[in-house]
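Subject: Structure for you to look at

Hello,

I am passing on a structure that you have not worked with before. Please open it first and then read the notes below it.

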Amino acid sequence: MTILLSLMLAAAPVPAALPAMPQDLSQVPVIDRWLGRRISPRWSEDVARQYRKGNCSGAVPYEGSNLLEIDMLFLLSGDGKPLKVAPVNAQCPEVEQFVSNRILGSLRGSFPKSGSAEPHWMRSQVRFLWSDAP
């Protein structure tokens, strides 16, 4: 390695370690009026398909239907880009993957900008409601 390359590498900023995932959701700020909370019910039939396979749990009866509420944690950069999406209580790997993919796809630009240089955790919730009645 040349001396110039060595000096350039030494001067390069070292990325800071990402903050650990919070264990206490009550300490994490809520994303006010997050678009995903309003849009997620549109994905209910996709989530219901996974539940009908019988490999998932966590939905509860609600007025003759099934209700699933998943708490979500988001590690966001200062410019509002999601660095990590973490469904907290999905109890179904397929639903976790589905929800994460949808959020990172269609809702990637829906997060608030903090202007901070440090990544930070925020939270919200997605909800699904479906009926299996004939």
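**Around S110**

Leaving aside residues up to four places away in sequence, S110 touches W34 and L35. Please keep in mind that this is a predicted model. S110 lies in the loop between α4 and β4. The side chains of S110 and W34 are joined by a polar contact of 2.9 Å. Is S110 buried or exposed? Its relative accessibility is 18%, and the cut-off for buried is under 20%, so S110 counts as buried.

**Aromatic pairs**

The count of aromatic pairs comes to five. One of them is formed by W34 and F111: the ring centres are 5.5 Å apart and the planes are at 25 degrees, so this pair is stacked, the cut-off being under 30 degrees. The pair links distant parts of the chain. W34 is in the loop between α1 (3-11) and α2 (35-39), while F111 is in the loop between α4 (93-106) and β4 (120-130), 77 residues apart. Both W34 and F111 are buried.

Y51 and W130 form another aromatic pair, with 5.2 Å from centre to centre and 50 degrees between the planes, and this pair is tilted. It also links distant parts of the chain: Y51 belongs to helix α3 (residues 44-52) and W130 to strand β4, 79 residues apart. Y51 and W130 are both buried.

Which residues do ring pairs link into a cluster? They are W34, F74 and F111.

Strand β2 (residues 65-76) and strand β3 (residues 82-87) pair in the antiparallel sense, over five bridges. The two strands form a hairpin with five residues between them. In the turn, G80 has a positive phi of about 80 degrees.

**Helix α4**

How far apart are the end C-alpha atoms of α4? They are 20 Å apart, which agrees with the 20 Å that its 14 residues should span at 1.5 Å a residue. The buried residues of α4 are V95, F98, V99, S100 and I103. An α-helix has 3.6 residues a turn, so residues three or four places apart point the same way. What do the buried residues of α4 pack against? Their partners are α3, β2, β3 and β4. Two of these, β2 and β3, are the strands of the hairpin, and α3 is the helix that holds Y51.

Regards

Notes
Residues are numbered from 1 along each chain as its sequence is written. This is a predicted model: local features need pLDDT of at least 70, side-chain atom pairs count only at pLDDT 80 or more; totals for chains, interfaces and linings use all residues. Side-chain values use heavy atoms; hydrogens and water are left out. Rings of Phe, Tyr and Trp (its six-membered ring) pair if their centres lie within 6.5 Å; planes under 30 degrees apart count as stacked, over 60 as edge-to-face and the rest as tilted. Helices (H or I, at least four residues) and strands (E, at least two) are DSSP runs, numbered from the N terminus. Buried means under 20% relative accessible area, exposed over 50%, partly exposed in between (1.4 Å probe, protein chains only). Two strands pair if DSSP finds at least two bridges between them. A polar contact is a pair of N or O atoms within 3.5 Å; within protein, one must be able to donate a hydrogen and the other to accept it, and residues adjacent in sequence count only if both atoms are side-chain atoms. Contact means heavy atoms within 4.5 Å. The expected span of a helix is 1.5 Å times one less than its number of residues.
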